[in-house]
Amino acid sequence: MEPFVRRSHLLVSARDGAQVDMSWRHAADAVILDLADTVPDVEKPRARANIKAAIPVAARGGAEVFVRINKELADADIIASAWPGLTGVVLTEAETAADVEEIATTLAVAEKEHGIANGSLSIIVMLDSGKGVWNIRQILTASPRICSVGLDEGRLCRHLGIVPTPAFDPFVYAKGRVIIESRAAKRQPVGISHPAGLFPHCDDAEERYRLALRSKNIGFAGVICPDPSWVEPCNRALTPSDERLEFYRETRRLFAEGIARGTAAIPYPGTTMMIDVPVDERARLTLALWERCAARDAEKQAALARLT
Amino acid sequence: MARRVRRSGLTMPINTPRFVDRSWTRNCDYLNFDFEDSVPQSQKAHARTLVAHAIAQGLKGSADITLRINCAYPEADVPAAVLPGLIQINFPKAETAEQMRNLDQLITEAERVQGIRPGTIRIGANIETTLGVANSYEIASASPRIDSFSGGTGYDMSMDMGVEMFVGFDQFVYNRGEGALVAKALGLEYTGSVYVPDTSGNVGDRDLTRQRAEANRKAGLRAGGGLHPNTVEPQNVGLTPTPEEVQEAQRILAYFAQLDEQGEVEGALDGRIIDKYEAARAAELLEWSALCAQKDAHKAGAQARTKALEASGRPQA
């Protein structure tokens, strides 16, 4: 899978017309239209009927659009969602590779019926059971459609009988497992550091940024934002900061000079740091990530410019 | 395999003579000569010709000699690295059991060519990527030459996880857990470390190194290593039991022997419960203390002999 930038995934209920209408205004990299937990069963048919019109609305600001579906209702949810403009689905309740294979097959059928390129719809897996977390490797590798994986912490608490408290993180191990296994399988881990995964309400903008930065530094590549106030801090925290760019460009320049002289360990002037192969590699990777983030931001800017 | 003492060790580019030629003066328990990241691509072939000299330099101080090869071409590096005096090949960025089996075969062949007793050379599998952590168990169990193991931390690991290095909390907590469980499940020595906050990233900070070594010793961990000569003494001292700890361990063992004679399995010494687990911990500490003393004597003897030789002006190895 080509590297992609999806720092923020704004979650909005597909039944809430006002939320959907506003969803493109927050500069999220992705918008998730929810057909699952925020839509009562009796409302599902109406919410599904809204999806086709909601996709281009959510995409107005250049966001990729996903629909969160129920595993049990996947057939109806997917056929209602697979319209051009959709990037993929967010799957909950997956516990085995077979669960993913079933969804992949349904997506293939829907692609064919709706004239969407074969294999183009992605899957974001949100694990929400002990079995799902344990089986993460078989789940992740069950389909090339899987682009990202995370924990649905609220559901996982209910499943495991955990009463959440802000004081400690019940999912240190589960998050570690998600981050390691997904990156090992070249997929992106999505999630946020405690307590925001279970207590997303936060009025303090600084604190939102601090938690978003911490999410990046435990290894997450993107965040599911339950509220628009999380989008900006997540976009900012998951983009390499401008002040580091000069440092990394200088790192690469000094290392190239050193290599030309026949040494691969070069002191960085004014610091105790030695530049060697991995330091140079980090500089390269960080600059490349910054380029991708900048390109993604430019796409979103261009989409907004087309509206005026 | 005999238990090794490796409180301190320096990793250094094998192609930098000013490091290699002074390596024996550093008083490290082990030395790790590098073919990998500290050696530029253009020097790799030259580096392979320097092993015999590097081993001879390191042995002047009685350090255990290990060598880090490149993961991409072990078939080129191993025959050059395996010479008498080497005790371990370190394989960086280990990711699969297949790599370990391949490395084991290459070492077996190189031992044969060099006339080294089969099975002498150990493998150190360095876990530095997310795939390596994910495959920890398979990697650690892939060769009997692997007798110790730890989880993935450090610079390469942080890069693969997309995290910054010195953020003031442990980004590698899961990796440490996996490494410790795998090591213990397979009966290997766990050579990992506890997390000590570090927001500076200064590789030559004596105080921080000492603090970290003390924290590890108190957690029962025994292994260290570093890049800067300043790390050596703080680790030699910090990972060696103090005289008070040795005395306390002797007291615990004596008390437990007394309990045993009385047909008891546990009792309280100064308000602390002593049982067979506490006794085993005390016995391990005494064993470790004796091994440290032995290692220190070996190193001091070798360094003194080398200095005397140099003073007498006779030709060096």
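Two residues are in contact if their C-beta atoms, placed from the backbone, lie within 7 Å. The exercises below treat a predicted model, in which local features need pLDDT of at least 70 and side-chain atom pairs count only at pLDDT 80 or more, while totals for chains, interfaces and linings use all residues. Residues are numbered from 1 along each chain as its sequence is written, and chains are lettered from A and ligands numbered from 1 in the order in which they are written.

**Exercise 1. Describe helix α12 of chain A and state what its buried residues pack against.**

Solution. Helices (H or I, at least four residues) and strands (E, at least two) are DSSP runs, numbered from the N terminus. Helix α12(A) covers residues 277-307, 31 residues in all, and spans 46 Å between its first and last C-alpha, close to the 45 Å expected at 1.5 Å a residue; the expected span is 1.5 Å times one less than the number of residues. A residue is buried if 20 or more other C-beta atoms lie within 10 Å of its own, exposed if 12 or fewer, and partly exposed in between, with C-beta atoms placed from the backbone. By this criterion the buried residues of α12(A) are A:V279, A:D280, A:A283 and A:T286. These buried residues pack against α11 (242-261) and β10 (274-275) of chain A.

**Exercise 2. Which elements of chain A each supply at least two residues of the side that touches chain B?**

Solution. Begin with the contact itself, in which 26 residues of chain A meet 27 residues of chain B. On the side of chain A that touches chain B, α8 (172-184), α9 (205-218) and α12 each supply at least two residues, and the largest share, nine residues, comes from α8(A).

**Exercise 3. Which residues of β1 in chain A lie on each of its faces, and are they buried or exposed?**

Solution. In a regular strand the side chains alternate between the two faces of the sheet. In β1(A), A:S8, A:L10 and A:V12 lie on one side and A:H9, A:L11 and A:S13 on the other, and all of them are buried. The strand has two pairing partners to consider: β8(A), residues 223-225, pairs with β1(A) in the parallel sense over three bridges, with A:H9 opposite A:I224, whereas β2(A), residues 30-34, runs parallel to β1(A) and is joined to it by five bridges, with A:V31 as the bridge partner of A:L10.

**Exercise 4. Why does A:E2 count as exposed?**

Solution. A:E2 is located in the segment before β1 (8-13) of chain A. A:E2 counts as exposed because it has 5 C-beta neighbours inside 10 Å. From A:E2 to A:I103 the separation is 101 residues in sequence and 22 Å in space, C-alpha to C-alpha.

Conventions. Pairing = 2+ DSSP bridges.
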